[in-house]
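Please take a look at the sequence and the structure, then read on.

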Amino acid sequence: MTVTEAAPPAVHPLSLHTPERHVPPGTREFYEDVVARLRAWKPLPVGEITATLDRVLESPDPPSDRELVYVHWQLRSWHKRLSTIVLADRRFPPTAEACWLIENGKAIGDLRIGDGTWELGTVRRLASTLLDLLDEAARTHGLRVDDDSDGEVSRSRRSP
């Protein structure tokens, strides 16, 4: 018996596949936005934060009524940025105290000021919460927080 017809060559199904050009997920605008945000990023101004906290919490001459609205806005924005840092780093899961400080600071920051009632007390409560959150972030993330350029470090803000 002779076989006159040859069997078709065995072809692996993947050998027929022609690879397509890789396209990353997301649009060009998305990646341009990410790059623009990275270029515009500014580090957390710890020196400015501690100077403002000292002025609000320890100064015998606290901010005037006109300045309180701006200081309140500054403290709220710094609290939000520090909260994002504390929650975003997966290497250091937030502690129960950090979560409480974040929620408490958000609640205090949402209080309206500017009507002449309890303004300084609200700003001082927010400053105290921000100080505790800064200390917590320094402790849990191993950050070094130096207050002054003259080498003097406030006892309440010295990182362990």
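## A buried threonine

Thr122 counts as buried, because its relative accessibility is 7%. Please keep in mind throughout that this is a predicted model. Thr122 is found in helix H5.

What does Thr122 touch, leaving aside its neighbours within four places in sequence? Its contacts are His72, Ile108, Leu111 and Ile113. Take Ile108 as an example: Thr122 and Ile108 are 14 residues apart in sequence, and their C-alpha atoms are 6.9 Å apart in space.

## The whole chain

Now step back to the overall picture. The protein chain has five helices and zero strands, and reading along the sequence gives the pattern α-α-α-α-α.

How much of the protein chain counts as buried? Of its 160 residues, 28% do.

Is Thr129 buried or exposed? With a relative accessibility of 5%, Thr129 counts as buried. Setting aside neighbours within four places in sequence, Thr129 is in contact with His79, Leu101, Asn104, Gly105 and Ile108.

Leu120 is another residue of helix H5. Its relative accessibility is 27%, so Leu120 counts as partly exposed. Not counting residues up to four places away in sequence, Leu120 touches Pro62 and Leu68. Leu120 and Ser64 are 56 residues apart along the chain, and their C-alpha atoms are separated by 9.0 Å.

## How H3 packs on H5

Two packed helices are described by the angle between their axes and the distance between the axes. Helix H3 covers residues 65-88 and packs with H5 at an angle of about 25 degrees, the axes being 10 Å apart. Because angles under 35 degrees count as roughly parallel, H3 is roughly parallel to H5. The crossing of H3 and H5 is left-handed.

Which residues make this contact? From H3 come Asp65, Leu68, Val71, His72, Leu75, Arg76, Trp78, His79, Leu82, Ser83, Ile85 and Val86. From H5 come Glu119, Leu120, Thr122, Val123, Leu126, Ala127, Thr129, Leu130, Leu133, Leu134, Ala137 and His141. Sorted by class, the contact of H3 with H5 has 15 nonpolar, six polar and three charged residues.

## How H3 packs on H4

H3 also packs with helix H4, which spans residues 96-109; the angle is about 155 degrees and the axes are 10 Å apart. Angles over 145 degrees count as roughly antiparallel, and H3 and H4 are therefore roughly antiparallel to each other. H3 passes H4 in a left-handed crossing.

On the H3 side, the contact is made by His72, Arg76, His79, Ser83, Val86 and Leu87. On the H4 side, the residues are Ala98, Leu101, Ile102, Gly105, Lys106, Ile108 and Gly109. By class, the contact of H3 with H4 has six nonpolar, five polar and two charged residues.

## How H2 meets H5

Next comes helix H2, residues 46-57. The axes of H2 and H5 (residues 119-141) come within 10 Å and cross at roughly 140 degrees. That makes H2 oblique to H5. H2 passes H5 in a left-handed crossing.

The H2 residues in this contact are Ile49, Thr50, Leu53, Val56 and Leu57. Their partners on H5 are Val123, Arg124, Ala127, Ser128, Leu130, Leu131 and Leu134. By class, the contact of H2 with H5 has nine nonpolar, two polar and one charged residues.

## An aromatic pair

A pair of aromatic rings is described by the distance of the centres and the angle of the planes. The structure holds two such aromatic pairs. In one of them, the rings of Phe30 and Tyr31 have centres 5.0 Å apart and planes at 80 degrees, so the pair is edge-to-face.

Conventions
Residues numbered from 1 in each chain as written. Predicted model: local features only at pLDDT ≥ 70, side-chain atom pairs only at ≥ 80, totals over all residues. Heavy atoms only, no water. Axes fitted to C-alpha atoms, helices over the stretch in contact; angles between N-to-C directions. Helix = DSSP H or I, 4+ residues; strand = E, 2+ residues; numbered from the N terminus. Parallel < 35°, antiparallel > 145°, perpendicular 65-115°, else oblique. Left-handed = near helix turned anticlockwise from the far one by under 90°. Contact = heavy atoms within 4.5 Å. Nonpolar A, V, L, I, M, F, W, Y, C, P; charged D, E, K, R; others polar. Phe/Tyr/Trp six-rings, centres within 6.5 Å; stacked < 30°, edge-to-face > 60°. Buried < 20%, exposed > 50% of the residue type's maximum accessible area, 1.4 Å probe, protein only.
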